[in-house]
Amino acid sequence: MTIRIQIVILHTSNITDESVYIPENENENFFEALKQINDIKISNLSVTNPVKTVLTNKLLAICDCEEIDLIFIIGNVEASKKDSANEAISAIMDHRPRSNIAFFIRQIETILKNVLQSDAKCGIRNEKLIINLSGPHKNKKECLNAIAHSVGFTIFVIRNENNTYDSLIDIASSLHNISLEKEESKNETDSEVMKLETTFSSHDLSSTDECTRSNRNNYERFPMVSLHEALTTLNKLSQERLNEQYFEQIKINNASGRILCENVKSEYDIPSFRISTKHGYAVLAASGKGFKKVLNVKNTLHPVSLTSGTCVWVNSGAPIPNEATAVVAVKDTKPVEEMSNEEVKYIEILTEPLNGQNIKFIGSELMKGATVVFAPTRIGPGEMALIAASGRKEVTVSSKLSLGVLSIGDNLEESGEPLKPGYVYDTNRLTLISLLQCDNFFPLDFGIVKNKLSAIRNKIEKALEKVDLLVTTGSINDKDVLKQVLMTFKATIHFGNVNIKPGKSTTLATCKINNRMKYFLCLSGNPISAYITANVFLIPFVSWLSYNFTIPYLTVPLTQLRTLFMLHSRPRFALTRLHWKDGEYNVNTFNMGNVFTDKLYNIIGSNALVLLPSKTDNPTSRILATMIKYPEKFDVPPTFNKKKKKKKLSK
């Protein structure tokens with residue numbers, strides 16, 4: 001995709017022949033920068049007087065006639081003349097552009113204001129972007145570098161073409177990398193430009209309603225949603241996944257730990273025959289007590305001629321003869337030696353047998369056709385026993401969720417490698433992988449990618465060929481590039497900011513690739529924030545996507561918070577350790593040294609997350625804590641832990 005540019009140079013002298021105009025030295029670096037950019041075509045160059053009416057007519061003529069994408073207004077003029085150019089743009093621009101275009105225009109203006117320390121007007125007319133870079137500032141190359149990403153994506157949104165993502169990214173990357181050689185002495189403006197390298201947000205082209213809602217006086221790119229709204233959205237998307245029918249049939253010996261997606265019914269009565277529950281003698285209950293002849297029967301499943309004066313020995317769990325109506329336990333009988341010999345044995349029944357005594361009847365545990373395990377259920381040892389007893393050979397389970405973890409950052413180093421100056425070890429990726437493995441999810445490790453737009457997109461594109469859920473850490477603030485990358489996949493960003501601390505910038509997005517839904521859960525690059533939000537959002541989400549809608553964590557109400565925490569303007573999650581003291585019913589919190597904020601070392605020893613209200617909320621009598629690990633011990637409350645008092649021996 002070629003970006004067609006018209007350059008309008010403001011000059012106070014009367015120039016009649018534009019072809020012989022030579023730009024001032026202050027503009028030369030701007031033209032040099034443009035010459036180094038691929039897929040950029042300078043369609044025309046004109047010079048005009050910086051008078052509002054003259055410039056207004058000039059811009060109208062260009063916007064209404066010329067086939068271009070972008071108009072740059074440059075020129076080393078005084079501030080009042082620059083203001084005239086701003087007024088000319090305001091006079092001709094569309095004042096109600098599409099909300100997504102309005103966002104990018106506003107963003108370009110914000111960046112330029114930070115770089116130039118003065119207002120620089122941008123606008124759009126007839127699908128042509130107009131940017132005012134004129135003024136008394138010396139080097140316009142920095143301006144071009146600062147707005148590169150936003151300009152490229154604004155033109156893309158204006159054109160709204162398909163299949164132009166890659167070329168657009170290449171253009172933006174070229175603009176971004178123009179002549180960023182380090183000079184020996186950096187002035188304040190240079191430092192500011194470097195800070196702005198990654199201050200470019202993203203937008204979902206289809207989410208215009210969301211952008212409209214956020215277009216308030218205090219403009220916010222992604223409106224803040226509550227914790228409840230975020231979790232509800234995660235659950236709703238997981239429920240919608242059920243319609244995609246990501247199921248498979250597997251043999252039961254491979255089903256341990258999988259999520260059952262069908263109700264399992266017993267194919268047989270269990271037990272399928274009458275069983276003795278005691279070692280003893282099968283008798284006719286009506287024959288009463290007294291002497292009985294013990295029949296020499298090896299297989300009680302075969303027909304037996306059982307009469308009132310006979311009985312049959314049966315073991316516990318063994319089938320009993322069809323004629324038998326009771327089993328007398330061996331302890332309620334005694335052998336009669338004087339009536340017995342080597343061939344014949346007699347016993348005496350000492351108690352009156354009752355009908356059905358010590359007999360487990362057919363189907364007493366499970367009736368044929370009864371449901372033994374309900375879906376959705378994670379198949380554990382108990383479920384496996386019932387499924388096997390029902391006679392099933394195969395079961396329907398949810399397909400294994402394919403997921404991966406990716407870290408984004410320019411200063412991340414693999415653990416164990418020599419640490420360069422200014423670098424930190426990437427703890428997030430390994431922490432999240434370990435956390436998922438503890439819940440029987442085994443993600444792919446996609447390593448580290450530099451915080452560059454084209455590099456991130458290429459990495460994500462390859463990752464989505466292998467996984468359905470991609471978990472990322474880093475580059476997730478509204479001013480970073482990740483949300484912008486998600487837009488290139490036509491992703492729907494369901495939420496981009498959550499009203500919690502830490503983890504405000506947590507983002508959930510989805511897109512379809514080859515008619516298969518792909519999910520993005522993007523977490524902060526801060527290690528403690530990534531760990532906490534992974535417990536809050538990631539673990540429930542992967543469970544729900546795996547068709548397991550049971551609550552993954554135990555929630556414990558705290559009637560009294562005995563640990564000091566500093567409240568924040570947003571509800572705060574804080575790591576803590578819950579424990580129960582001897583002689584007390586109530587759970588207590590253990591001080592982790594995180595009064596103001598959590599540190600990485602607080603993960604060790606903690607077993608819960610306590611959700612604290614914001615400092616503006618009314619204090620509540622009960623605060624909830626979520627168990628993320630099993631506590632070391634549950635001490636039994638006093639009612640159930642009565643110790644026997646030893647009696648003193650009297651002398």
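**Sheets, rings and buried residues in a predicted model**

Helix H15 (residues 527–545) lies across strand E31 (572–580) and strand E33 (608–612), and runs at about 70° to E31. Helices (H or I, at least four residues) and strands (E, at least two) are DSSP runs, numbered from the N terminus. Contact means heavy atoms within 4.5 Å. The axes are lines fitted to C-alpha atoms, for helices over the stretch in contact, and angles run from 0 to 180 degrees between N-to-C directions. The structure is a predicted model, in which local features need pLDDT of at least 70 and side-chain atom pairs count only at pLDDT 80 or more, while totals for chains, interfaces and linings use all residues. Residues are numbered from 1 along each chain as its sequence is written, and side-chain values use heavy atoms, with hydrogens and water left out.

The chain as a whole comes first. Its secondary structure comes to 15 helices and 34 strands. Of the 651 residues in the chain, 50% are buried, where buried means under 20% relative accessible area, exposed over 50%, and partly exposed in between (1.4 Å probe, protein chains only). Among contacts between residues at least 6 apart in sequence, 74% join residues at least 24 apart.

Strands E31 and E33 belong to an open sheet of 5 strands with antiparallel pairing, in the order E30-E34-E33-E31-E32. Two strands pair if DSSP finds at least two bridges between them. At the edges of this sheet are strand E30 (555–558) and strand E32 (587–590), each of which pairs on one side only. Neighbouring strands here are turned by 40° against each other on average, direction ignored. E30 is joined to strand E34 (residues 623–627) by 4 bridges, and the two run antiparallel.

Another open sheet of 5 strands has mixed pairing and the order E2-E1-E3-E5-E4. Strand E2 (40–48) and strand E4 (122–125) stand at its edges with a single partner strand each, so one side of each has no neighbour in the sheet. From one strand to the next, the twist averages 20°. Inside the sheet, strand E1 (residues 3–10) and strand E3 (residues 70–74) run parallel and are joined by 5 bridges. Ile7 stands opposite Phe72 in E3.

Helix H3 (residues 79–92) lies across E1, E3, E4 and strand E5 (128–132), at about 160° to E5. Helix H6 (residues 148–159) lies across E1, E3, E4 and E5 as well, running at about 155° to E5.

Helix H1 (residues 25–35) contains Ala33, which counts as buried at 1% relative accessibility. Ala33 and Leu144 are 111 residues apart in sequence, and their C-alpha atoms are 8.3 Å apart in space.

The structure holds 5 aromatic pairs; rings of Phe, Tyr and Trp (its six-membered ring) pair if their centres lie within 6.5 Å, and planes under 30 degrees apart count as stacked, over 60 as edge-to-face and the rest as tilted. One of the pairs is Tyr281 with Trp313, whose ring centres are 5.1 Å apart and whose planes stand at 70°, so the pair is edge-to-face. This pair links distant parts of the chain, with Tyr281 in strand E11 (residues 280–283) and Trp313 in strand E13 (residues 310–314), 32 residues apart. Tyr281 is buried, with a relative accessible area of 5%, whereas Trp313 is partly exposed at 36%.

Phe489 and Phe520 have ring centres 6.4 Å apart and planes at 45°, so this pair is tilted. Because Phe489 lies in the loop between helix H14 (482–488) and strand E26 (492–495) and Phe520 in strand E29 (residues 516–523), the pair ties together parts that are 31 residues apart in sequence. Both Phe489 and Phe520 are buried.

Charged side chains also lie over rings in this model. A charge sits over a ring if NZ of Lys or CZ of Arg is within 6 Å of the ring centre and within 35 degrees of the ring normal. Arg457 lies over the face of Phe489, at 4.4 Å from the ring centre, and Lys420 over the face of Tyr423, at 5.3 Å.

Finally, the cysteines. The structure holds 0 disulfides, a disulfide being a pair of cysteine sulfur atoms within 2.5 Å. Cys261 is buried, with a relative accessible area of 13%, while Cys438 is exposed, at 63%.
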